[in-house]
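Trainee: I would like to go through this structure step by step, and I have a few questions to ask along the way.

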Amino acid sequence: MDLIIRNVHRVAAPDEGPVDIAVADGKIAAIGPNLAAEGETYDAGGRLACAGLIETHIHLDKSRIIDRCPLPEGRRVNPVTTVAPLKAAMTVEDIYTRAETTLRECLINGATRMRTQVEIDPAMGLRGFEAINALADAYRWAIDVEPCVFPQDGLTNYPGTEELLAEALKAGAPVLGAAPRYDSDPTAQLDRIFALAREYDVDLDLHLDVGDSTEHMDVRHVLTLTERYKLGGRVVVGHMAKLSLMPPAESAAMARRFADAGIAVTVLPATDLYLMGRDRDHDVRRGVADVNHLAAHGVTCSLSSNNILNPATPYGDCSLIRIANLHANVLQVVGAAKLRELFLMLSEHSARLLNLKDYGLEVGKPADIVVIDATTPEQAIAEIRPPLAVWKRGRRTVTRQPPELHTPSA
Ligand SMILES: [Zn+2]
């Protein structure tokens, strides 16, 4: 064997005792207790292991620009109009450098797969797409990065945007996104995006339903289009902050419609907390959709970072485990079972949401393995325990030493 990782608890097998994982040719060759195998050995000491954390929704191309943005005046913020004037000056090199710094932090925090949103419009051109593709190539040794191209500043009101999106799709972009809220005609934007998805046979991952009222929800049109185009299982909606404004019976009914239609949901707690409730100066609503509640009604959910150090998400360290802990605090999550479910929304459930067929700590799958400094998923989330070691396709990519306390000798 090329590698044997001994004595781990698999996240997806909570009732199983500690096992060993043997790796050959970049794949998992055997799993079981006390494997009789020889090779380079890592003793995980009974710690938790998963097949890597999955960042399902991040914007590498506009991370680390907070110092270029003016401070907001008053309570209302609009991150999109704040960033738009900066885009013309963003070169491929500038985007690559910022995105790379963020990507490396994601790696250290245990990510082995990622879907990153990439803005395309006449101001940005295809420079973001070019930078992210180059970065994905350069870091294939550590992570699989999938770009989702989308129009941030409007589609129907921004001539030239659709042509550029089509160019990126022709060049192989595997996923298409949308941001109907920033279009003068949100419904028409969704119509065009679904038409493009059919034409280029790509999955969809849409920014949806952030706002102060549930009066209009774009997801209703997305439900209709998903059914009309038979795209069930290939549509993700991100944010969905408006679900948090509904009484549980109403959001449960909507969740069941998502589950029936095959629409998955990514919740982005850091961004939604920062942006929602800006119409109030006290008793501010939190605006984070409850993923445990959605999952209880059959929806595939993930939790992700969305961004760091930019005007929509000014803080963060690229730790998905921290994001799940934040979610648990904000949603007042109680009990080990729900915390365990939150961990799955950084891993197994995220893989299902992204339609990844080769994810998991199972024989025959790629040897993407992350050992976390915890014995259970619920402990990892409750205590924000860090990854200690990461392998991608059987090759060690990250080592983190636990901090050491130098106690004085007696
Ligand atoms: Zn986003």
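Predicted model: local features only at pLDDT ≥ 70, side-chain atom pairs only at ≥ 80, totals over all residues.

Trainee: Which atoms coordinate the zinc ion, and what is its site called?

Mentor: The zinc ion is coordinated at 2.1 to 2.3 Å by NE2 of His-57, His-59 and His-207, together with OD1 of Asn-306. The angles among these 4 donor atoms run from 84 to 170°, whereas a tetrahedral site needs all angles between 85 and 135 degrees. The site of the zinc ion is therefore called irregular.

Trainee: How many residues apart are His-57 and His-207?

Mentor: Both His-57 and His-207 are buried. His-57 belongs to strand E5 and His-207 to strand E9, so this pair links distant parts of the chain, which lie apart by 150 residues.

Trainee: Which strands stand at the edges of the sheet, and why is one side of each left without a neighbour?

Mentor: The open sheet has 8 strands with parallel pairing, in the order E5-E6-E7-E8-E9-E10-E11-E12. Each edge strand has a single partner strand, so one side of it is left without a neighbour in the sheet, and these strands are E5 and E12.

Trainee: Which residue of E8 is the bridge partner of Val-149?

Mentor: Strands E7 and E8 pair in the parallel sense over 2 bridges, and helix H4 lies across E7 and E8. In E8, the bridge partner of Val-149 is Leu-176.

How values were computed:
Residues numbered from 1 in each chain as written. Heavy atoms only, no water. Pairing = 2+ DSSP bridges. Helix = DSSP H or I, 4+ residues; strand = E, 2+ residues; numbered from the N terminus. Contact = heavy atoms within 4.5 Å. Axes fitted to C-alpha atoms, helices over the stretch in contact; angles between N-to-C directions. Donors = N, O, S within 2.8 Å, 3.2 Å for Na, K, Ca; no water. Tetrahedral: all angles 85-135°; square planar, octahedral: opposite > 155°, others 65-115°. Buried < 20%, exposed > 50% of the residue type's maximum accessible area, 1.4 Å probe, protein only.
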